[in-house]
Amino acid sequence: TLLFGNLHMLSFLNMHHITLAQVASAQLIFMIWNVLNDILAGYWSDSHAARYGSRVGFVGGVQIVWAVTTVLPFVPMSGSATQGLAGTGYYLLCISVQDLCLSLVGAARGALAN
């Protein structure tokens, strides 16, 4: 996923015209989020399994969101939607949701293997 992360960042730098400082700011906030999302992913996966008896539907639903968030950064948006502070927020949202989906699928897949 290092290659994807670099393509993702380059897309925002070149297509959405955010600055390196904005990328760095978003990455700093993302590092804090990354610590919390693994805990949340395990909790949500276990809660879904306890309520519905299976994680298969959960994984399927998350993978749909994951596919959308994979493509979204490479879709051109109107100029003002991804510039300045809005661009930083859009970048942060995309990388955070992408990583949350990765954590959710990873937690559920690990539990399905047991």
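This report covers the confidence, fold, surface and selected residues of a predicted model.

## Confidence

The model is predicted, and its mean pLDDT is 81. A score of at least 70 is reached by 87% of the residues. Helix α2, residues 20-52, has the highest mean, at 86. Helix α1, residues 2-14, has the lowest, at 74.

Where pLDDT is low, predicted coordinates should not be read in detail.

## Fold and contacts

The protein has four helices and zero strands. The order from the N terminus is α-α-α-α.

Contacts reach across the sequence. Take the contacts with a separation of 6 or more: 80% of them join residues 24 or more positions apart.

## Burial and surface

The protein has 114 residues, and 33% of them count as buried. Its accessible surface comes to about 6700 Å². Carbon and sulfur atoms contribute 72% of that area.

Ser 45 and Tyr 43 can be read as a pair. Ser 45 has a relative accessibility of 1%. That value is under the 20% cut-off, so Ser 45 counts as buried. Tyr 43 has a relative accessible area of 55%. That value is over 50%, so Tyr 43 counts as exposed.

Which residues does Ser 45 touch, leaving out those up to four places away in sequence? They are Arg 55, Phe 58, Ala 107 and Ala 108. The C-alpha atoms of Tyr 43 and Ala 107 are 9.2 Å apart. Along the chain, these two residues are separated by 64 residues.

## Cysteines

How many disulfides does the structure hold? The count is zero. A disulfide is a covalent bond between the sulfur atoms of two cysteines.

Are Cys 94 and Cys 101 buried or exposed? Cys 94 is buried, because its relative accessibility of 4% is under 20%. Cys 101 is buried too, with a relative accessible area of 4%.

## In brief

The predicted model is made of four helices, with zero strands, and averages a pLDDT of 81. Cys 94 is buried, as is Cys 101, and the structure holds zero disulfides.

Methods: Residues numbered from 1 in each chain as written. Predicted model: local features only at pLDDT ≥ 70, side-chain atom pairs only at ≥ 80, totals over all residues. Heavy atoms only, no water. pLDDT = per-residue confidence, 0-100. Helix = DSSP H or I, 4+ residues; strand = E, 2+ residues; numbered from the N terminus. Buried < 20%, exposed > 50% of the residue type's maximum accessible area, 1.4 Å probe, protein only. Contact = heavy atoms within 4.5 Å. Areas by Shrake-Rupley, 256 points an atom, 1.4 Å probe, with all protein chains shown as cover. Disulfide = S-S within 2.5 Å.
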